[in-house]
Amino acid sequence: MSDPFDVDVVIIGAGFSGLTVATELRRDGISFVLLEARDRVGGKTEARHDGLGRLVDTGGQFANDDMTEVLALARDAGATRVDAVHPGRAVTVPPSPDSDPWAVADTLLATLGADDLHDERSVSQWVDTETTTASVREAVRSMVNGGTCNDSRIIPVSYLAQLNQRTVTTNEELQCWFAETMHGLALHLAAPFAHHIRLECPVRSVHVHDASVDVVALDQVWHAREVVVAAPPTAYASIRFTPGLPDDFSTAAAAFAPGTVLKYLVGYSAPFWLLDGRNGVGQFLDPPGMYFADASLLDSPTLVGFVGGTTAAEWARHTEAQRRDAILHHAAAAFGDDALRPLTFLERLWGPDEWGGGGYSNVLTTHAPHAADTLAAGLHLVTFASTELSASFPGYVEGAIHAGRAAARQVVQRLGSA
């Protein structure tokens, strides 16, 4: 008798989670199709050409030594690691009376742990009760706005405590990047099974039966044994599940929200931001959620800028020309008027969309410390995988790889190797 199934598994989403699931299933001889709504793989990573024709990361870019899976993938791909950490001092804008409010803020945030998992206060409410200076409180808000791409007034303390518990980060967040781009790692991961990937193929419904699933995308139906939803929690709302998701699942998914972040890659004739004892980092107490760092190759001086959270949401309402003027103005406030004369300028606005887009990942904006565990447990014939559900989270791409591995293990245990 012929196999009644089109494939063993339908994977929804070709970010690093979905690509990792596909890699693991392929290794175990389990058939699959990978359906992606966008016109590319890579999720929150992508690459574009700047004004000089150089391919640069307009999405996820940086890595560090805590991200062992990302670094292993980079070695396998033959990617060139570029050190992004330089000696010298960071610049704080506006200048702070504290010598380094960021270090104190970072230490304060690192104290959040098991005792804070049930704290329903927002980060802003919490830091206002801490005995510290105004500059440190502003630094906490700015770091959380930038890191979550959201608003510290609605980010729960319990969420940051949960992140601290899941992974202890021991290296600089922006320690290194890859000359061939982070998105190039996604392309490398996808290459062995490219013929199993369907781009611009948004999934609109998933019908779960007793012993099979039907996944509807565009005008095609895939009949499979199981489905893996490798998309962020906020993307679940764009898929009609039959039967509907249980109340606890819907509530857990609704606890997450995407943020807003703008990324800027600005090329110059010389790396002036590394002069006068500076290390190329510029951090802003005001506006909150803004920072700059060096992202240069030897022959390509490049300043990368990020604007996250409430500031990014406000800027997104302005014109592209107004945003260009604003980011160059703030770069000049940090590093001098040379910043006003770029050779190249590239902007990427990552705002919420129906595919679960937005900032680097979905974040909890309500107190729901068990939401990720609820979703990671999955449903009958439905497994969920995304960086938000990862048990280890030293970085967004690293978390996605861990989540993909965990989801693949669940599927393989149920289906067995071919």
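Predicted model: local features only at pLDDT ≥ 70, side-chain atom pairs only at ≥ 80, totals over all residues.

Student: At what angle do helix 1 and helix 7 pack?

Tutor: Axes are lines fitted to C-alpha atoms, for helices over the stretch in contact, and angles run from 0 to 180 degrees between N-to-C directions. Helices are DSSP runs (H or I, at least four residues), numbered from the N terminus. Here helix 1 (residues 16-27) and helix 7 (residues 182-190) pack at about 30 degrees, their axes 9 Å apart. That makes the pair roughly parallel (angles under 35 degrees).

Student: Which residues of helix 1 and helix 7 meet?

Tutor: Contact means heavy atoms within 4.5 Å. From helix 1, F16, L19, T20 and T23 meet M182, L185, A186, L189 and A190 of helix 7.

Student: Which residues of helix 7 are buried?

Tutor: Buried means under 20% relative accessible area (1.4 Å probe, protein chains only). In helix 7 that covers M182, H183, L185, A186, L189 and A190. Looking down the axis, these fall within an arc of 150 degrees, so they line one face of helix 7. The arc is taken from the directions from the helix axis to the C-beta atoms.

Student: And how do helix 2 and helix 12 cross?

Tutor: The axes of helix 2 (residues 68-77) and helix 12 (residues 396-415) come within 8 Å and cross at roughly 90 degrees. They are therefore roughly perpendicular (65 to 115 degrees). T68, E69 and V70 of helix 2 make the contact with V397, E398, I401, H402 and R405 of helix 12.

Notes
Residues numbered from 1 in each chain as written. Heavy atoms only, no water. Helix = DSSP H or I, 4+ residues; strand = E, 2+ residues; numbered from the N terminus. Parallel < 35°, antiparallel > 145°, perpendicular 65-115°, else oblique. Buried < 20%, exposed > 50% of the residue type's maximum accessible area, 1.4 Å probe, protein only.
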